[in-house]
Amino acid sequence: MADTAPITRERIKATEAAIRPYVRRTPLATADMAEFGLPAGPLTFKLEFLQHSGSFKARGAFANLLLRKAPAAGVVAASGGNHGVAVAYAAHRLGVPATIFVPDVASPAKQERIRGYGAQLVIAGSLYADALAASEAHIARTGAMPIHAYDQAETLLGQGSVGMELEQDAPGIDTLLVAVGGGGLIGGIAAWYGQRIRIVAVEPEASPTLHVAFAAGKPVDAPAGGIAADSLAPKRVGELMFPIARQNVPGVVLVTDDAIRQAQEALWSRLRVVTEPGGAAAFAALLSGRYQPRPGEQVAVLLCGANTTAVNFKD
């Protein structure tokens, strides 16, 4: 039976307690924006790419496996890559069979990690929506339990624990920049913070899922392409996250693929941090000037994933 209860701070707290033995409390890094050629000001990075399985997705994966009972047929996930890696990892840790469906745009690094955790990997179609359809057919045949990448209450509750950690470790921030694909991460974080800070959604111009949903007043199909297509390009944002975002996220900043590449390179050059394109998208909004902080604003950026082998920076 689907969980239809609201995504509240109390439920996020309870979920965080359940997943705590299985996830990392990821650290912060601080810098001055002047280090990146921006007007001087404090800058905090939440290094969520250091999470187990290489992205924030491990939180939602463990939440699903710990708060729901998997059948003998195991669990199934459709993913652009990171969610599949996370479900494979969590299922491996908890001894549950897992089948992961990904489109052919999923990076080799993510495919390799899914196989490495012992899950069955199925490549289906060229878009996340294709992998999702194939996974649904598999569920109908086998009775396996689906773990949705973003439109599942337990997924949002797990991802909301990122916000809980950040508020505890960096209580003075005014603004948080968060990359958006299907919206599970920003939905969980927005449910935690409400309107106590400014939460800025960042999307690639080539896959503006939340941007078009805000314009339409509901989740609708959006383009799904660009450099971050394997992590930020679902067909549409989730139904569960949308009302949370509409209430607590004031708008969306769109960034180009070139800006994302430049953000990856700057993070490597200045911090010696490697992120995948989707993991650097939030910082791209700041670095490119698409988001311009006010004087004195305390800004944080969530670096959410690093499942890549494409480390070809100049130095």
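Predicted model: local features only at pLDDT ≥ 70, side-chain atom pairs only at ≥ 80, totals over all residues.
Strand S8 itself, which spans residues 198–204, is mostly covered, since six of its seven residues are buried.

## The six-stranded sheet

These strands belong to an open sheet of six strands, whose order is S1-S2-S10-S7-S8-S9 and whose pairing is mixed. At its edges stand S1 (28–32) and S9, each of which pairs on one side only. From one strand to the next, the twist averages 25°. Further along the order, strand S2 (residues 42–47) and strand S10 (residues 299–303) run parallel and are joined by five bridges, and Thr44 stands opposite Ala300 of S10. Helix H6 packs on this sheet, where it touches S1, S2, S7 and S10, and its direction makes about 140° with that of S2.

## The four-stranded sheet

A second open sheet is formed by four strands in the order S5-S4-S3-S6, and its pairing is parallel. Why is one side of S5 and of S6 left without a neighbour in the sheet? Strand S5 (120–123) and strand S6 (145–146) stand at the edges and have a single partner strand each, so there is no neighbour in the sheet on one side of each. Strand S3 (residues 75–78) is joined to S6 by two bridges, and the two run parallel; in this pairing, Met145 of S6 is the bridge partner of Val75. Helix H3 (residues 82–94) packs on the sheet and touches S3 and strand S4 (98–102), with a direction that makes about 165° with that of S3.

Helix H1 covers residues 9–19, and in it Ile12, Thr15, Glu16 and Ile19 are buried. These residues lie on the same side of H1, because they cover an arc of only 105° around the axis. Among the elements that cover the buried residues of H1 are H2, helix H6 (153–169) and H7. H1 and H6 pack at an angle of about 95°, and their axes are 8 Å apart. This angle makes H1 roughly perpendicular to H6. On the side of H1, the contact is made by Arg9, Arg11, Ile12, Lys13, Thr15, Glu16 and Ile19, while H6 contributes Leu157, Gly158, Gly160, Ser161, Met164 and Glu167.

## Individual residues

| Residue | Relative accessibility | Class |
|---|---|---|
| Ala58 | 0% | buried |
| Thr275 | 1% | buried |
| Ser53 | 3% | buried |
| Arg272 | 43% | partly exposed |

Ala58 is found in helix H2 (residues 57–67). Leaving aside neighbours within four places in sequence, Ala58 is in contact with Val23, Gln51, His52, Ser53 and Ala86. The C-alpha atoms of Ala58 and Tyr89 are separated by 7.7 Å, although these residues are 31 residues apart along the chain.

One of the contacts of Ala58 is Ser53, which is found in the loop between S2 and H2. Ser53 is not a glycine, and yet it has a positive phi of about 75°.

The loop between helix H11 (257–271) and helix H12 (277–287) is the place of Thr275. Residues up to four places away in sequence not being counted, Thr275 touches Phe49, Gln264, Leu267, Ala280, Leu303, Gly305, Ala306 and Thr308. Arg272 also lies in the loop between H11 and H12, and in this residue, which is other than glycine, phi has a positive value near 55°.

Conventions. Residues numbered from 1 in each chain as written. Heavy atoms only, no water. Buried < 20%, exposed > 50% of the residue type's maximum accessible area, 1.4 Å probe, protein only. Contact = heavy atoms within 4.5 Å. Arc of directions from axis to C-beta. Pairing = 2+ DSSP bridges. Axes fitted to C-alpha atoms, helices over the stretch in contact; angles between N-to-C directions. Parallel < 35°, antiparallel > 145°, perpendicular 65-115°, else oblique.
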